[in-house]
Amino acid sequence: MKISRQFTVFGSAIFCVVVFSLYLMLDHLQLDRIKNPINEERLQNGQLVILQDKIDHLERLLAENNKIIANIRDSVTNLRKSVNNDKGPLEAKNLSQGLVDLLPFAPIWVLIPSEDCQFSAQTYSKAADEVQMLDVYDMLSFDNPDGGVWKQGFDISYEENEWDQEPLQVVVVPHSHNDPGWLKTFDDYYRDQTQHILNNMVVKLHEDERRKMIWSEISYFSKWWNNIDIQKKDAVKKLIERGQLEMATGGWVMPDEANTHYFALIDQLLEGHQWLERNLGVKPKTAWAVDPFGHSPTQAYLFKQAGLSNMLIQRVHYSIKKHFATQKTLEFFWRQNWDQESSTDILCHMMPFYSYDVPHTCGPDPKICCQFDFKRLPGGRISCPWRIPPQVITSDNVQQRAHMLLDQYRKKSKLFMSKVVLAPLGDDFRYTDAQEWDQQFNNYQKLFDYMNSHPELNVQAQFGTISDYFEILRKVTGMDQAGMNKGVSPFPVLSGDFFTYADRDDHYWSGYFTSRPFYKRMDRMLESHLRAAEILYSLTLANIKMFGKPSNYPAVENYKLLTEARRNLGLFQHHDAITGTGKDWVVVDYGTRYIAFLLPLPVVVHCCRTSCYFLADNSLFDWFLRYYNLSVQDFPMNVFIMPSFRSVVVYNPIEQARSSVISIYVTTPHIRVLTAQGRTYTTNYVSFVAHVPPLGLAVYQMSEGVELHTELAHYMFLKKGGHVSVTGAEQFRVAIPQETVPVSVENPHLQLFTLKLKENGLKHSIKVDFVWYGTTSNKDKSGAYLFLPDGEAKKYSPSRPPVIRVTKGPVFSEVTTTFTHITHTLRLYNIQGVDGQAVEICNTVDIRGEFNQEIAMRITSDINSMNRFFTDLNGFQVQPRRTMSKLPLQANFYPMTSMAYLEDSNRRLTLLTAQSLGAASLKSGQLEVIMDRRLNQDDNRGLGQGVLDNKITANSFRLLLEPRNSAQEVTTRENNAPFSYPSLLSHISCTYLNHPLIQMATSVDPALLTPVPHSPLTSSFPCDIHLVNLRTIQSQVGGGPSEQAALILHRKGFDCGFSSRNTGLLCSTTRGKIHLEEVLTKLKVSTFTPVSLSLMYESSSTPKHQEISLKPMEICTYRIQLG
Ligand SMILES: [Zn+2]
């Protein structure tokens, strides 16, 4: 009876979808006719083509529908069979049918308007003046000839009269690179160096108005600001007004660009920019990134969206620098790969030489340039490694010294198109004492005065800020000052990225993509955690404003906690933090900051809406317990339930309705889960499917008792040639291998081990194994930054055979294999939703006992991917990669922040990741990920230690296999398109993986909790629109909240070429449109203003009726007031 009703609903829904699709098709045909009543002939031809297309499409649609109907027929047959075989609920082998009944209805097809598919299907055409990095990689030989004084470059010559018509303009930019943690902790650096640098800056810049300085780390600047008096603050403001001090970039830190997720990149930029606006009224114009180990176009995009006009990068592969120098393309407009117009262009300067220190910034010869680093004057603490010291500039030597320096400036300028040359003047933690300021500024001023007073030299030299440089550059090249109106600009357009960085020889910096993976995982968890807290906090404030309750909500205190959390998360995005390249104790310091902000956050999460008033007492909740178990937890089993009455409150931090499994440790096997929708139990931990509305909360009550309609999970242990003893639990069974191998677990979509898609019945051979990399026997070995392996990986073959545990249950089934160094779990969820579509993989690795070893997971498939694969950049975009045999093995590793995939014309295999790691595809069909590294020596990049503080680390992944709808599409643009997009299912799976349901246990009397879910949204967001954040803005005075929040949205680019049928997605796409007030259940939007990414600028166009419209890939911010 129940089953047949279920089928009826199921069937009629499919019918509706089919009819509706047909209707849409006809509607489109008619519209086309009305819209184009001009130009008869063209119309006829054009329309015939369109008509033909439509008919083809219709035919495909009908074929799909026939398939669906066939599936329905099969399901009916199967259902009949299972009804006949039904021996009662306790003996049922699988509860999935019963569970399906409980799920919110997921449409068979995701509704995607055809316009939404055009973006990803666009054909790529390279603009004439465009430099595409994939082509550059193809073209370069990556040889490493000795270039003479400029070792990695070439001899530069010039004619004396080259500047006769247009003099050389030299802009010397004093800078001090302050790492917020590296060899010392943030606080120790501040105490020992940074505060002195900033204190001296105020004095020394005031001594001479021609002196300039730039600063970029707001984390340090704000700490100093809090410690100085009002006079000093006024003095600083004066320096900024006069243009002597420039705040460059203005982020909280200078972030890493490989391991960072765009959520955190935006968050730290916003925190810095907001601080600057509140305290100094400053809007940064130019980004300055001299030290991140490789550069990502995501960062360029974010700068552009924030309203910056220019940027500078430094750490780029030496062969690429040399190539660009020969082409004079070190300055370019950096454009996103997907952007076929010019809306993402930002002017970028790439520094040409090895480093950002003085020996490598004045010109090509470090031996000469070092003599113009006056901190290295004889008698000082540091000297020139080229053995020729600087000389104090006097009237006797000024002529000779000025000519020497000018020669370097002239040579450097030959690498650029304009006659403006940039010469940064600084290094790590420079300008600490007053004497150093005098040494640099006085000696340089004498040199400038000499040059400028000799017109025959045709040079104008001066101190400047980085924006001064770009201003002059834009002026001489006829560009407008801030915008990207190129005018007569000689600069090319460049698309692509700058990974993987090498600074010399075969020293590729691909080790840090994985170093200290424990903290990389922790970072991702805390990002999710902070985002959830931000959103709940903002909704709470709006609720209080609207309904006046709760009246005792500690809004200011909680806001201060949030601010602290943002800043600690921001700090960890620094290029020596998330990279895993700090000293052991600095790493511990970052970890401690994390834990410290982690504990207060639940307070923010818990007291968040009028009907969640009961959550106000933090002592009643212990959901953060899971984070303490980070090292040993594989799948999130979060909360310990007492035998007494307790409830679990589940929060869904994502903007889509969702059904996901949650697992909870329990002290008795007899647990009842009481909900508005479902109930089930198993032993040791209880797992059940929670249905939670978008951004909503649901309550589940737990009590002791036996529930009839549920099933215990079955466990089996397999061990070759040995015994596993399990006592006291009838659910466990020990099996001898021959009897049960191969083990198979399955859900309605997939079957392990030979991955079999149920939909098309095809078997796909996919194998997971583990491999070791050693380190080379050469002098330079792998360390925190560098990966220098001793050749190809060796198969992991532990001396003892693994213990295998097979769990078969109604909600999920899994196989856990325990080796000496790895516990590897494959899990299939037996649910119809998104979770049921992928294999979940968790590897808990422990290599603490090893010597110079790195352990990797290698997935081998029968996908004919050749040398192509894809990795994401910062979770924001996908970058196509080519594995190249002309490069050493370590150069073919790339950062993987959220996913990597392989594809051929039929299928795509995607590995989604919950932490940043290094990945490669060294052979066709193969994808591998380094999971941890233990290295016994330093790699000579200044850290001065190996990586020996390994922890037991759990890495989580999902593996998704998707068949392509049509084989032709991909082959036609196979080898040239520099862009690629995940499917909608892949995007949403990734969001699920990175933002698990948040579970809070409470001992509050269940009678006080309503089991009806709380839904702040009327519906899910469109599948392709992601709520990056809803972040309450700080008030102008005090540290509390204002009434406004920053709403940050991202419209994801997605590939329609994969089946959108039966994906379990509870959303559709809407041509990038979303109407804000319509998606809010109760709250009202009182103000709504589009602003730049970090709130610095307001948009001139006001959208009508709060209708938001985003272009594909676009990230936009809105300043809104709710309530
Ligand atoms: Zn640095």
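**First stop: a run of strands**

Select strand S26 and strand S27 (residues 822-829): the two pair in the antiparallel sense over 7 bridges. Strands pair if DSSP finds at least two bridges between them. Helices (H or I, at least four residues) and strands (E, at least two) are DSSP runs, numbered from the N terminus.

Before going on, a note on what you are viewing: this is a predicted model, in which local features need pLDDT of at least 70 and side-chain atom pairs count only at pLDDT 80 or more, while totals for chains, interfaces and linings use all residues. Residues are numbered from 1 along each chain as its sequence is written, and side-chain values use heavy atoms, with hydrogens and water left out.

Now highlight Ser-813, which stands opposite Leu-828 in S27. The link from S26 to S27 is a hairpin through 3 residues.

Is S26 enclosed or open? Of the 7 residues of S26 (residues 812-818), 6 are buried, so the strand is largely enclosed by the rest of the structure. Buried means under 20% relative accessible area, exposed over 50%, and partly exposed in between (1.4 Å probe, protein chains only).

**Second stop: the zinc ion**

Select the zinc ion with His-177 (NE2), Asp-179 (OD), Asp-291 (OD) and His-575 (NE2), its protein donors, which lie 2.0 to 2.1 Å from it. Donors are N, O and S atoms within 2.8 Å of the metal (3.2 Å for Na, K and Ca); water is not among the atoms, so sites may look incomplete. The 4 donor atoms subtend angles of 91 to 164 degrees around the zinc ion, which makes the arrangement irregular. Four donors count as tetrahedral if all angles lie between 85 and 135 degrees; four count as square planar and six as octahedral if opposite donors are over 155 degrees apart and all others between 65 and 115; anything else is irregular.

Asp-179 is in the loop between strand S2 (168-177) and helix H6 (186-207), and His-575 is in the loop between helix H17 (555-572) and helix H18 (584-598), so the pair ties together parts that are 396 residues apart in sequence. Asp-179 is buried, with a relative accessible area of 0%, and His-575 is buried too, at 1%.

Select helix H11 (residues 318-327), where 7 of the 10 residues are buried. Among them are Tyr-318, Ile-320 and Phe-324. Just after H11, look for Lys-328, which takes a positive phi of about 55 degrees.

Move to helix H23 (residues 984-994), which is mostly covered, with 11 of its 11 residues buried.

**Last stop: Arg-882**

Finish at Arg-882, in strand S31 (residues 877-882). Is Arg-882 buried or exposed? Arg-882 is buried, with a relative accessible area of 16%. Show Asp-138 as well: a polar contact of 2.9 Å joins the two side chains. A polar contact is a pair of N or O atoms within 3.5 Å; within protein, one must be able to donate a hydrogen and the other to accept it, and residues adjacent in sequence count only if both atoms are side-chain atoms.
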